[in-house]
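Reader: I am new to this structure and would like to learn how to read it feature by feature. Could you take me through it slowly, giving the general idea before each case?

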Amino acid sequence: MVERKIRVLVGKPGLDGHDRGAKTVATVLRDHGMEVIYTGLHQTPDQIAEAAAQEDVDVVGLSILSGAHMSLFPRVREELEKRGMGHVLLTGGGIIPTDDMAELEAQGFAKLFGPGTPTDDIAAWIKSTMEARWENEEVQT
Amino acid sequence: MQDAAEIAEGIREGRRNALARMISWAENADPRFPAALASIYPRVGGSWRIGVTGPPGAGKSTLTNALAVELRRREKTVGILAIDPTSPFSGGALLGDRIRMEDRTSDPGVFIRSMASRGSHGGLARAAVDACDAMDAFGFDAVVVETVGVGQAEYDVVGAADTVVVVLCPGAGDGIQAMKAGILEVADVLVVNKADVDGADRLMLDLSEAVHTRSIRREGREAEWEVPVIAATATKGEGVEKLLEHVEAHRRFLEGGDLSEMRRRKRVQQVRRVVDERLDEELWGPRGYAERADSGLRKSATPYDVAEEILAAILGNGMETQ
């Protein structure tokens with residue numbers, strides 16, 4: 001069997017025209033050996049979830065700087081669940097107040113990253129989380 | 001964990017999740033793939049497969065997107081496989097073709113999948129054909145495979161399609177460059193994209209001449225397909241209708257000839273890919289020939305000596321050695 005690659009979708013939901021952060025993270029994840037699908041700006045939660053389903057990704061990372069994270073992030077999660085993609089590792093980052101982070105994490109976002117996070121930390125976290133999951137899967141089968 | 005029967009069932013029922021998962025199995029050479037394929041194999045063959053290739057930046061993704069729009073206008077469903085290169089340094093890939101196709105994502109008649117070219121072991125064409133088989137069985141009218149035309153592996157990918165569309169654009173070298181790259185041989189239809197840019201006319205002319213020269217050389221032989229050269233501006237959707245008409249014409253041409261033989265010939269290639277891949281894995285993995293090669297070279301034998309020794313061991317006495 002070929003070495004399994006971590007597939008990540010990096011999405012930018014909503015009306016938010018700044019994607020330098022998303023592109024930086026996408027590039028860093030690529031440099032850590034992941035296959036990163038970047039879907040571009042101005043995506044609806046529906047589009048992001050559908051793309052994630054078609055691409056059969058392991059991870060969905062959302063970037064948002066517009067302040068609409070409390071309405072858009074949960075909707076992406078709902079749309080993912082609708083498509084049987086509730087298993088994906090859901091993460092994200094942007095300008096998100098810590099209270100909101102805590103609430104989103106309580107809703108099922110595994111971890112959220114704020115400004116100033118070293119990019120390698122994000123990659124390392126995704127890697128270790130996915131590796132642990134896959135090991136777990138193997139134990140179960 | 002899903003099993004092969006479950007996924008095959010899902011594909012028969014038109015569940016997109018199942019299709020997505022089956023393509024992942026193809027990519028990962030998952031041991032469940034062969035059984036799933038066997039179960040849906042009777043459904044394979046209904047789609048027309050279009051390969052789209054060309055140099056980086058020629059507009060392949062944009063043209064593929066425009067093709068999908070035109071196909072949908074004609075009420076045809078379409079599956080798209082967009083291949084982007086894997087970094088040889090990190091093994092990762094940035095797959096960005098969806099950006100130019102994202103309007104299609106919510107359309108239930110379109111399915112888009114990105115694939116990274118991955119390792120150097122030549123598994124790309126095998127995985128791409130597998131993925132196309134899955135999309136074919138799912139029931140799309142057309143399956144479009146899009147890949148940058150830079151090397152043998154990529155030619156293998158598009159070469160497996162029924163109709164190969166090669167996209168070129170002005171400003172990336174003249175028609176001579178195209179002839180050098182072997183692009184004319186693989187093309188069934190040539191597209192000069194960015195036809196609104198300076199130099200497009202010249203490129204059209206060069207290509208038409210080159211195509212014409214080829215057809216003169218072949219004259220007298222059996223019915224040959226004359227490669228059309230089409231001008232397009234994919235961003236505006238111009239020329240796409242015409243392109244599709246030529247693809248249709250090529251289809252009729254093949255169907256009037258020996259389509260099933262051509263397809264079987266291409267299937268033989270797939271058998272070879274599977275055999276090659278499995279042998280490669282087995283020999284250099286569990287059989288330990290990599291270690292054997294290493295120890296042979298330590299004794300200062302030449303690579304050929306070591307190879308002969310290994311070949312003799314693999315093929316037994318049936319092979320002449322020394």
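Author: On a 1 Å grid over the protein atoms alone, a cavity is a set of points where a 1.4 Å probe fits but cannot get out, while a pocket is an open set with protein on both sides within 12 Å along at least five of seven lines, and lining residues have an atom within 4 Å of a point. A search of the whole structure finds 2 cavities of 30 Å³ or more, where grid points are joined across faces, edges and corners and a volume is the space filled by probe spheres set on the points. This is a predicted model, in which local features need pLDDT of at least 70 and side-chain atom pairs count only at pLDDT 80 or more, whereas totals for chains, interfaces and linings use all residues, and side-chain values use heavy atoms, with hydrogens and water left out. Residues are numbered from 1 along each chain as its sequence is written, with chains lettered from A and ligands numbered from 1 in the order in which they are written.

Reader: Which residues line the largest cavity?

Author: The largest cavity holds about 50 Å³ of space, and its lining consists of B:R49, B:A128, B:V129, B:C132, B:V145, B:V157, B:A160 and B:A161. By class, 7 of the lining residues are nonpolar, none is polar and 1 is charged, where Ala, Val, Leu, Ile, Met, Phe, Trp, Tyr, Cys and Pro count as nonpolar, Asp, Glu, Lys and Arg as charged, and the others, Gly among them, as polar.

Reader: How much space lies in the largest pocket, and which helix gives the most to its lining?

Author: The largest pocket has about 900 Å³ of space. Of the 31 residues that line the pocket, B:D188, B:L254, B:M262, B:R265 and B:K266 are the closest to its centre. The helix α11(B) gives the most to this lining, with 6 residues; helices (H or I, at least four residues) and strands (E, at least two) are DSSP runs, numbered from the N terminus. The lining of the largest pocket divides into 13 nonpolar, 5 polar and 13 charged residues.

Reader: In what order do the strands of the open sheet lie?

Author: As a general idea, strands of a sheet pair through backbone hydrogen bonds, either parallel or antiparallel; two strands pair if DSSP finds at least two bridges between them. Here 6 strands form an open sheet in the order β5(A)-β4(A)-β3(A)-β1(A)-β2(A)-β3(B), with parallel pairing. At the edges stand β5 (111-113) of chain A and β3 (93-95) of chain B, each with a single partner strand, so one side of each has no neighbour in the sheet. Where the chains meet in this sheet, β2 (residues 35-38) of chain A pairs with β3(B) over 3 bridges, and A:E35 stands opposite B:A93.

Reader: Are the faces of strand β7 of chain B covered or open?

Author: Buried means under 20% relative accessible area, exposed over 50%, and partly exposed in between (1.4 Å probe, protein chains only). Both faces of β7 (residues 189-192) of chain B are covered, with B:V189 and B:V191 buried on one side and B:L190 and B:V192 buried on the other. Strand β7(B) runs parallel to β6 (residues 163-168) of chain B, joined by 4 bridges, and pairs with β8 (residues 229-231) of chain B over 3 bridges, also in the parallel sense. B:L190 has B:V229 as its bridge partner in β8(B).
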